[in-house]
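Dear colleague,

Please find below the structure that I am handing over to you. My findings follow directly after it.

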Amino acid sequence: MRLVIAAALSLAACAGSPAPRPGDPAAAPRVLVVLTSHGQLGDTGRDTGFYLSELSHVYYPLREAGIELTLASIEGGEPPMDGVSRDDALNARLLDDPEAMAALRSTRPLSEVDASTYDAVYFPGGHGTMWDLPADPDVQRVIREVLARDGTVAAVCHGPAAFVGATDAEGRPLVEGRRVSAFSDAEERDRELHDVVPFLLESRLRAQGATLEPAPPFTPQVVEDGPLLTGQNPASAGPLAERLIERVR
């Protein structure tokens, strides 16, 4: 099984190497990373977007494992970024990485991405995801395309908002009967954003038939069930990356 991240520029193409061919056992695994394009935190007047460490803590382990990453976003172009702290070493590394930043500034619109050639899709979190991922038809299409090739659908923190509008091949909610992890209601209340987000993610996933397995707030938690690989919060991004690598290899 192989992993996929949706992106504007294929990093392999940036390096001048040929793109891997679907079904070629010698081809590098491919992961599509899908980022939110929503940058406003409700009516608070504050900015949001995707959470940087939930990208950086997956981006570098996967690249160093020889996995090809592609970055995409809902609208394309440069997605809004949140949690931009240089105190995090991998955040600082990504912010100072010309190749990574070039890919981030020119992500492909998700509507232009054919996910049927990817081994996995990964949805980083950040509060922006709560507004544009749940109802986006291309998010739902990409998930179906990856599932159709027995790929992995991974998400961390608020990234499982992508699952809210997604269904399986029989038309049932994607998470129905599945064990998953996501940013918990307790964590949302701790951040005093439970009245700002359009819905509470844990509660919504439970309402769709998921079994949530929350860990104590802000501690790492990764849950694997069938094609779904989910993490609870930013601290879960690194452990999730390790599981992704194992799955695509």
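**Helices H2 and H9**

The axes of helix H2 (residues 52–64) and helix H9 (residues 237–248) come within 8 Å of each other and cross at roughly 35°. Please note that this is a predicted model. The crossing of H2 and H9 is right-handed. On the H2 side, the residues that take part are Ser53, Glu54, His57, Val58, Pro61 and Leu62, and they meet Ala237, Gly238, Leu240, Ala241, Leu244 and Ile245 in H9.

H2 itself has 13 residues, and the distance from its first C-alpha to its last is 18 Å, close to the 18 Å expected at 1.5 Å a residue. Its buried residues are Leu52, Ser53, Glu54, Leu55, Ser56, Val58, Tyr59, Tyr60 and Leu62. After H2 comes Gly66, which has a positive phi, near 85°.

**Strand E6 and its partners**

I would next draw your attention to strand E6 (residues 120–123), which is covered on both faces. Ala120 and Tyr122 lie on one side, Val121 and Phe123 lie on the other, and all of them are buried. E6 pairs in the parallel sense with strand E1 (residues 30–35), over 3 bridges. It also pairs in the parallel sense with strand E7 (residues 152–156), over 4 bridges. Tyr122 takes part in both pairings: Val33 stands opposite Tyr122, and in E7 the bridge partner of Tyr122 is Ala154.

**The loop at Pro198**

Pro198 is found in the loop between helix H7 (185–190) and helix H8 (201–207). Leaving aside neighbours within four places in sequence, Pro198 is in contact with Met130 and Trp131. Trp131 is 67 residues from Pro198 along the chain, yet their C-alpha atoms are separated by 7.1 Å.

**The protein as a whole**

The protein contains 9 helices and 11 strands. Of its 249 residues, 57% are buried. Among contacts with a separation of 6 or more, 78% are between residues 24 or more positions apart. The accessible surface comes to about 9,900 Å², and carbon and sulfur atoms account for 47% of that surface.

With kind regards

Key:
Residues numbered from 1 in each chain as written. Predicted model: local features only at pLDDT ≥ 70, side-chain atom pairs only at ≥ 80, totals over all residues. Heavy atoms only, no water. Buried < 20%, exposed > 50% of the residue type's maximum accessible area, 1.4 Å probe, protein only. Helix = DSSP H or I, 4+ residues; strand = E, 2+ residues; numbered from the N terminus. Pairing = 2+ DSSP bridges. Expected span 1.5 Å × (residues − 1). Contact = heavy atoms within 4.5 Å. Areas by Shrake-Rupley, 256 points an atom, 1.4 Å probe, with all protein chains shown as cover. Axes fitted to C-alpha atoms, helices over the stretch in contact; angles between N-to-C directions. Left-handed = near helix turned anticlockwise from the far one by under 90°.
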